[in-house]
Amino acid sequence: MTTPGRWIEGTGLVLGPLLLLAGVLTRLGADDFFPGQLAAHAAAPGRMAWSYGLYTAGVVLLWPAVTALARLIKIRRPGWAQWGLTLVVLGLFGRVFHAGVSHLAFQLVDVLGLEAAQRAVAETYGAFHVFKAVNVCIMGGWIVLAVGAYRAGALGLARSVALGLAALLPLGVLKGSSDPVSLVALAGLAVALVPLGVSVLRQGPAPRWWAAGLAVAFVPVAFLLGLAG
């Protein structure tokens with residue numbers, strides 16, 4: 001199985017859960033449902049842009065994170081590894097789609113005003129889209145991966161349970177996720193994955209200085225190119 005590599009996987013394991021937590025904590029205090037999230041954007045657009053940006057970056061970084069964990073599970077439980085990884089990644093695709101819709105909804109606030117944007121979102125919130133099919137993966141994938149991690153001995157019982165708590169994280173568009181249950185789920189994800197990420201990063205030699213410099217420089221360059229396009 002081709003993998004992203006130790007440094008990408010380790011970085012995803014460490015930063016993925018932490019960015020999710022940072023994103024949610026940044027919007028702490030706003031109502032968790034879409035009218036409150038839109039109102040929070042109208043009052044502090046910069047804050048909400050940072051919040052959702054950090055959260056979505058964390059979702060994307062969970063891809064190499066779960067790839068690393070699935071590789072460890074595969075040593076003893078290949079079936080659990082394959083199903084767990086597939087379901088979780090499908091769920092991550094769904095969350096990125098939700099993030100895109102949330103971004104568009106925030107632009108409606110800027111263009112149409114808060115009340116009109118709230119009305120438009122309310123009237124279209126249940127609209128059909130193909131990613132509704134992965135909602136079950138968003139929740140169930142973490143449970144499958146957690147069971148596989150425990151059965152394979154990749155994580156102990158406590159950290160496997162902590163990983164499974166990620167299934168409690170709300171799904172959908174404009175979900176604030178700052179309620180106590182969501183915070184427990186995110187904390188569990190960090191407890192499960194961050195120590196593993198530190199361990200992965202410590203294995204083997206450090207990257208060459210020029211490779212690390214290129215990787216760091218790539219992020220702002222890619223961002224500027226995206227703005228230009």
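At what angle do helix α3 (residues 45–74) and α4 pack, and how far apart are their axes?

## Helix α3 against helix α4

The angle is about 170°, and the axes of α3 and α4 lie 9 Å apart. Axes are lines fitted to C-alpha atoms, for helices over the stretch in contact, and angles run from 0 to 180 degrees between N-to-C directions. The two helices are therefore roughly antiparallel (an angle over 145 degrees). Their contact (heavy atoms within 4.5 Å) has 20 nonpolar, three polar and two charged residues. Ala, Val, Leu, Ile, Met, Phe, Trp, Tyr, Cys and Pro count as nonpolar, Asp, Glu, Lys and Arg as charged, and the others, Gly among them, as polar.

## Basis of the model

This is a predicted model, in which local features need pLDDT of at least 70 and side-chain atom pairs pLDDT 80 or more, while totals for chains, interfaces and linings use all residues. Residues are numbered from 1 along each chain as its sequence is written, and side-chain values use heavy atoms, without hydrogens and water.

## Helix α2 against helix α4

Helix α2 (residues 34–43) packs on helix α4 (residues 78–112) at about 55°, with 10 Å between the axes. On the α2 side the contact is made by Q37, L38, H41 and A42, and on the α4 side by A105, F106, V109 and D110. These residues divide into five nonpolar, two polar and one charged.

## Whole protein

The protein has nine helices and zero strands, taken as DSSP runs (helices H or I, at least four residues; strands E, at least two) and numbered from the N terminus. Its C-alpha trace spans about 55 × 40 × 30 Å along the principal axes. Of the 229 residues, 40% count as buried (under 20% relative accessible area, 1.4 Å probe, protein chains only).

Terms used
Angles under 35 degrees count as roughly parallel, over 145 as roughly antiparallel, 65 to 115 as roughly perpendicular and the rest as oblique. Buried means under 20% relative accessible area, exposed over 50%, partly exposed in between (1.4 Å probe, protein chains only).
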